[in-house]
Amino acid sequence: MERYFGARAALATMHGKERAFARPFGALLGLELELPAGLDTDQLGSFDGRVPRTGGPEQACRRKAQLGMERLGLPLGLASEGSFGAHPSLPFLAAGLELMVFLDQERSLEIWERLIARRTNFDHRSATALAELEGWPQRVGFPAHGLIVRPEQPCTGAQDLLFKDLADQQQLAGAIGAAAAGSSNGRALLETDMRAHRNPTRMACLRTLAARLARRISTPCLACGAPGWGRVEVVPGLPCGWCSRPTSLARAERFGCVSCSHSEVRPRPDGLAEAEPQHCPLCNP
Ligand SMILES: [Zn+2]
Ligand SMILES: [Zn+2]
């Protein structure tokens with residue numbers, strides 16, 4: 001798509017996401033990303049929980065992109081937003097939902113891409129000392145992946161005590177000791193740092209997401225020519241192989257335009273036409 005070739009888009013980030021985004025947007029769209037200086041995206045909700053996020057992640061993501069555009073006076077903008085917690089269909093598995101939006105103010109376009117990150121190190125622990133954690137920091141990728149440490153139940157005066165950007169075991173042990181001392185139950189709370197520049201696993205997800213969004217933007221709608229054509233939803237109802245009744249598995253995918261009402265239903269990309277009876281609510285209750 002030549003529409004955006006040589007144009008500049010504001011990328012609102014303070015966590016090094018340009019490392020993941022610049023290449024796909026440059027290669028597929030010829031779009032240059034510009035970072036607004038001194039932008040505090042943490043005012044919209046921060047990963048350490050100090051600033052709660054108001055509204056949903058979509059709202060935070062859009063607002064972030066708009067802030068960057070306002071700051072740089074550009075009609076194009078990008079932002080991403082991650083949410084972490086239990087996997088929607090497998091509650092015992094940690095998962096991340098990564099959202100990314102591209103705004104084109106002049107054409108009133110809002111193009112989204114989403115990614116459920118099944119591979120994430122999102123986790124937390126409580127401890128009185130490092131030895132108690134029995135290798136957990138290594139299992140969540142420390143020190144290549146960051147950890148955030150604070151008092152589990154902060155004493156008066158220790159509410160703002162928080163350690164991040166710890167370089168090694170020694171600094172981690174010190175942070176746990178200081179946080180535990182500032183907690184009324186003598187325990188430190190350790191959480192994986194989900195900021196992109198301190199989390200290589202998340203950064204890899206963002207790279208995938210950025211490539212998908214750039215591809216979507218580069219795909220024009222067949223009806224109106226607007227950028228952003230792509231999959232908008234999966235259509236459930238794959239028939240059971242035994243009784244032919246619809247299951248909750250995807251039967252097809254619907255593709256759509258962000259600008260006009262044109263859409264198309266296409267078969268599953270893997271060609272699967274029947275569901276295993278184990279997914280059927282009747283054959284395998
Ligand atoms: Zn069945
Ligand atoms: Zn269209």
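The lining of the largest pocket draws at least two residues from each of β5 (109-117), α5 (200-217), β9 (230-236) and β10 (250-256), helices being DSSP runs of H or I with at least four residues and strands runs of E with at least two, numbered from the N terminus. The top contributor is β5, with six residues. This is a predicted model, in which local features need pLDDT of at least 70, side-chain atom pairs count only at pLDDT 80 or more, and totals for chains, interfaces and linings use all residues. Residues are numbered from 1 along each chain as its sequence is written, ligands are numbered from 1 in the order in which they are written, and side-chain values use heavy atoms, without hydrogens and water.

The lining holds 32 residues, and E113, R114, R212, R231 and V234 are the closest to the pocket centre. Because domain 1 (1-122 + 199-218) and domain 3 (220-285) both give residues to this lining, the pocket lies between them; the domain bounds come from an automatic or database assignment.

Turning to the metal, the zinc ion (ligand 2) has C221 (SG), C224 (SG), C257 (SG) and C260 (SG) as its protein donors, at 2.3 to 2.4 Å; donors are N, O and S atoms within 2.8 Å of the metal (3.2 Å for Na, K and Ca), with water not among the atoms. These donor residues follow the spacing C-x2-C-x32-C-x2-C. C224 sits in the loop between α5 and β9 and C260 in the loop between β10 and β11 (263-267), so the pair ties together parts 36 residues apart in sequence.

Definitions and conventions
1 Å grid on protein atoms, 1.4 Å probe; cavity = no way out; pocket = protein on both sides within 12 Å on 5 of 7 lines; lining within 4 Å.
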